[in-house]
Amino acid sequence: MHYTIRHLTHFRYSQPIRESYMEVRKRPRSDDGQRCLEFNLTVSPEARVHSYTDPLGNTVHHFDVAKLHEDLRVTAVSLVERAALKTIPERLPADAWIGIDRLAEDFGNWDWLHPSHFAQPTDSLRAFAEECKLTRRDDPLTILHEINKTLHASLAYVPKSTRVDSPIDECLQNRKGVCQDFAHIFIALARHLRIPCRYVSGHLFHRPTKESSSIAEDASHAWAEALLPELGWIGFDPANNSPAGQNHIRIAVGRDYADVPPSRGIFKGTAESDLSVHVDVGAVS
């Protein structure tokens, strides 16, 4: 399957500012069943764009607009090839917990096992885990599917009910949030069971129905991936109570959202800023 993605980030300032410095993560990853075939990033006002690969393998573009401006647009256009998913068993052997513990002993997995900025083992998280009876039983894959299902059933998906910097307690206490909150809680619960887990930011293609077009609006999305013995990284989308499938397009991975915001920057001036984001994802084959 091939997908086209157009991702527009638009900043408006209440009065002209002198300079903007920004970094963005918008190029889809090329790994594990996914390839970015084409990518183009444009900035208006025009600026020279540089890039580097961060320690987690994400592509980061950065630029400096060093002149007066009150409007800044960053547009990324991508073509991505997504392979069919690898076959995943319904469950793992009960002794797979031994394999999980071996993964935990690998220092390379340290970041995926310990608390991070948004995935903290709070009192509310521990109470939720106890309420849902989430313990090391059965096998790791079965428990991860249970976490996925439990989060979807226990928490309501309500757009704009939390902020981009909301802690997980806000979602747990109010029992509502967005995909970012669901992913952070999933990660924190998995790490609570000593299962290596990471955050994925990307896009979700919504398959068209008779009532919708082939283009998905507001298709930025977040989910989680857990590292399992013999299987590698397996994606879970608790906001949709589903595995991360062929229509999930990975942009960046990290410990949580703090590692992989789509855009981050500073500007010189005293203006107020307003941000809007528009994403179109379409299937081309």
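**View 1. The residues lining the second largest pocket comprise eleven nonpolar, five polar and five charged ones.** Here Ala, Val, Leu, Ile, Met, Phe, Trp, Tyr, Cys and Pro count as nonpolar, Asp, Glu, Lys and Arg as charged, and the others, Gly among them, as polar. The model is predicted, so local features need pLDDT of at least 70 and side-chain atom pairs count only at pLDDT 80 or more, while totals for chains, interfaces and linings use all residues. Residues are numbered from 1 along each chain as its sequence is written, and side-chain values use heavy atoms, with hydrogens and water left out. The pocket has a volume of about 350 Å³, and Leu85, Lys86, Ile234, Gly235 and Ala244 are the nearest to its centre among the 21 lining residues. On a 1 Å grid over the protein atoms alone, a pocket is an open set of points where a 1.4 Å probe fits, with protein on both sides within 12 Å along at least five of seven lines, and lining residues have an atom within 4 Å of a point; the volume is the space filled by probe spheres set on the points, which are joined across faces, edges and corners. Strand S12 (232–237) contributes the most to this lining, with four residues.

**View 2. Tyr3 and Phe205 form a tilted aromatic pair.** The ring centres are 5.3 Å apart, with 50° between the planes; rings of Phe, Tyr and Trp (its six-membered ring) pair if their centres lie within 6.5 Å, and planes under 30 degrees apart count as stacked, over 60 as edge-to-face and the rest as tilted. Because Tyr3 belongs to strand S1 (residues 2–17) and Phe205 to the loop between strand S9 (197–204) and strand S10 (215–217), the pair ties together parts that are 202 residues apart in sequence. Strands are DSSP runs (E, at least two residues) and helices likewise (H or I, at least four), numbered from the N terminus. Tyr3 is buried at 0% relative accessible area, and Phe205 is buried at 2%, where buried means under 20% (1.4 Å probe, protein chains only).

**View 3. Phe118 and Tyr257 form an edge-to-face aromatic pair.** Their centres lie 6.3 Å apart with 65° between the planes, and both residues are buried. Together with Tyr199, Phe118 and Tyr257 form one aromatic cluster.

**View 4. The charged end of Arg198 sits over the ring of Trp233.** The distance to the ring centre is 3.9 Å, and the criterion is NZ of Lys or CZ of Arg within 6 Å of the ring centre and within 35 degrees of the ring normal.

Technical notes: Buried means under 20% relative accessible area, exposed over 50%, partly exposed in between (1.4 Å probe, protein chains only).
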